[in-house]
Amino acid sequence: MFIILIVKAEFRFVKSKDHKYIKAFGKHLRKLRKENNLSQEDLANDADIPINQIGRIERAEINTTLSTMRAISKALNIHITELFDFDK
């Protein structure tokens with residue numbers, strides 16, 4: 001017996017009281033990525049996350065997870081706290 005699971009994909013823009021902070025985080029991530037001469041695709045591959053994820057984070061379309069931030073920091077060879085070293 002096979003069970004088929006259909007998952008409804010939802011694409012939601014972040015609408016929260018923290019949107020300015022999430023936007024600043026994305027801008028900072030873009031700066032760090034470019035300083036390392038990485039494309040969004042390169043960073044996503046190095047972090048082993050979906051290719052479109054980096055762009056969605058940088059554009060503040062999603063509020064990313066701690067696990068993803070950890071993977072990104074490892075791919076950038078920085079301590080995870082450096083991802084939060086920006087002014088809101």
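The largest nonpolar core of this predicted model has 20 residues, and those with the most contacts inside it are Leu29, Leu43, Ile49, Ile72, Leu76 and Leu83. A nonpolar core is a set of buried Ala, Val, Leu, Ile, Met, Phe, Trp, Tyr and Cys residues joined through side-chain atoms within 4.5 Å. Helices α1 (19-35), α2 (40-47), α3 (51-58) and α4 each supply at least two residues of this core; helices are DSSP runs (H or I, at least four residues) numbered from the N terminus.

Residues are numbered from 1 along each chain as its sequence is written. In this predicted model, local features need pLDDT of at least 70 and side-chain atom pairs count only at pLDDT 80 or more, while totals for chains, interfaces and linings use all residues.

Helix α4 comprises residues 66-75 and includes leucine 66; serine 73 also has its place in α4. Buried means under 20% relative accessible area, exposed over 50%, and partly exposed in between (1.4 Å probe, protein chains only).

| Residue | Relative accessible area | Class |
|---|---|---|
| Leucine 66 | 59% | exposed |
| Serine 73 | 3% | buried |

Neighbours within four places in sequence aside, serine 73 is in contact with Ile78, His79, Ile80 and Leu83, where contact means heavy atoms within 4.5 Å. The C-alpha atoms of leucine 66 and isoleucine 80 are separated by 9.4 Å, the two residues being 14 residues apart along the chain.

Note on methods:
Side-chain values use heavy atoms; hydrogens and water are left out.
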